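Got your viewer open and ready to click?

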Amino acid sequence: MKKYIRIEEGAYRGKDQSGRVFALVKDYQKNSTREGGFVTVDVTEQQGYEGLDRVRITVPTIQAVQIVPEAEYVKFRESVTESVLDTPTNTAESDEAAIERIGARFAILNEMTEAIAQDQIKGMIVSGPPGIGKSYGVETSLMKYSTFDDIAGRKRKFEVVKGAMSAIGLYKKLYEHAERGHVVCFDDCDVILYDDLALNLLKAALDTGRKRTLQWGTESRFLHAEGVPNSFDFHAGIIFITNVKFDNVKSKKLRDHLEALQSRCHYLDLTIDSMRDRMLRIKQICREGLLSKYGMDKTVEDQLVEFIFANRNRLREVSLRMVLKIADLWRMAPDRYQQLAEQTCMRAER
């Protein structure tokens, strides 16, 4: 049976969590090396933890954790969400100002991508939660510079690589796009950040020196069979799109690596750190024509966005992907898309 707790006194990464109510994942555990302990809680439906499933809340004693009924958890979650989303006075930013801020960040993303495609800068790391259009903006900008290659039937000078990537696979991919004017974009390849060898290759490819030489120091039949040398100079641009917010990384070892990456290239945090920002990003993109291909009336489009807003706490995710999934249901059954969405896009009510 699920338990719910209220933190009377506690913190997460230095931020006070007192008074917050969470769904409990793992009971109180004492620290082995210092006083106090921690509880592990579910944050998938909490504000301020986007991209995370669970976290450890540090507490001074077990008495700082109080078991509460589910009704208190639901009331707390709704009150926090409403205060963040619906009450402009609780934030220094109006909705329109926030939309302008978010739009400006994505405009910078497009501008920086174009600069990399034109060989004006070497690389960029883009950080933001999943499903907000990071990849779409980058790919759209890169495709502008492939128009003539497409017309001439030449191979494009950019590639977007998605998913798992080993160190040797990274080395090979960088070799394939080593020429000046090429761009290789790594999207959702966060596994690279946790592999020391892959990280060192990425740092070498982004080095600020005049010459960027990459080396594979051991004999490899795979590389030999693929015609990849054990050493080559890299002249291309790199874009690394990640869900990891570098400023929130706790591991000192990983943080040191990430700081080394940041020192070698530009780092753009899209600053979509709350549910409110996600909803405003959705409104912004819908204004720019996200749903135009569906041929909806403006009224219908507004109703669809409002439906997502009203059910934000039940949806499996709040993202641009979810908007398109629900729009697909509207195209399939305009009169019943909301009922269908409740069954296929939302968590069951308990």
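Start by selecting D188, which is partly exposed at a relative accessible area of 47%. Here, buried means under 20% relative accessible area, exposed means over 50%, and partly exposed is in between (1.4 Å probe, protein chains only). D188 sits in the loop between strand 10 (183-187) and helix 6 (196-205). Helices (H or I, at least four residues) and strands (E, at least two) are DSSP runs, numbered from the N terminus. Most residues other than glycine have a negative phi.

A quick note before you click on: this is a predicted model, where local features need pLDDT of at least 70 and side-chain atom pairs count only at pLDDT 80 or more, while totals for chains, interfaces and linings use all residues. Residues are numbered from 1 along each chain as its sequence is written, and side-chain values use heavy atoms, with hydrogens and water left out.

Next, select D119, which also has a positive phi, near 65°, without being a glycine. Look for D119 in the loop between helix 2 (95-117) and strand 8. D119 is partly exposed, with a relative accessible area of 35%.

Now show the cartoon and find the open sheet of 5 strands, in the order 9-10-13-8-14, with parallel pairing. Two strands pair if DSSP finds at least two bridges between them. Which strands stand at the edges? Strand 9 (158-162) and strand 14 (266-269) do; each has a single partner strand, so one side of each is left without a neighbour in the sheet. On average, neighbouring strands here are turned by 15° against each other, direction ignored (axes are lines fitted to C-alpha atoms).

Zoom in on strand 8 (residues 123-127), which runs parallel to strand 14 and is joined to it by 4 bridges. Click I125, then look across to its bridge partner in strand 14, Y267.

**Charged pairs**

Side chains of opposite charge can pair when their charged atoms come close. A salt bridge here is a side-chain nitrogen of Lys or Arg within 4 Å of a carboxyl oxygen of Asp or Glu, and the structure holds 21 of them.

K245 lies in the loop between strand 13 (237-242) and helix 8 (252-264) and D269 in strand 14, so the pair ties together parts 24 residues apart in sequence. Is each one buried or partly exposed? D269 counts as buried at 12% relative accessibility, while K245, at 22%, counts as partly exposed.

Jump to R6, which meets E72 in a salt bridge (2.6 Å, N to O). This pair links distant parts of the chain, 66 residues apart: E72 in helix 1 (residues 70-86) and R6 in strand 1 (residues 4-7). R6 also meets E8, at 2.8 Å, N to O. R6 is partly exposed at 24%, as are E8 at 37% and E72 at 27%.

One more selection: E159, K172, K173, E176 and E226, which are linked in a network of salt bridges.

**Zoom out**

Finally, view the whole protein, with its 12 helices and 14 strands. The C-alpha trace spans about 65 × 60 × 40 Å along its principal axes, and buried residues make up 47% of the 350 residues.

Methods:
Axes are lines fitted to C-alpha atoms, for helices over the stretch in contact, and angles run from 0 to 180 degrees between N-to-C directions.
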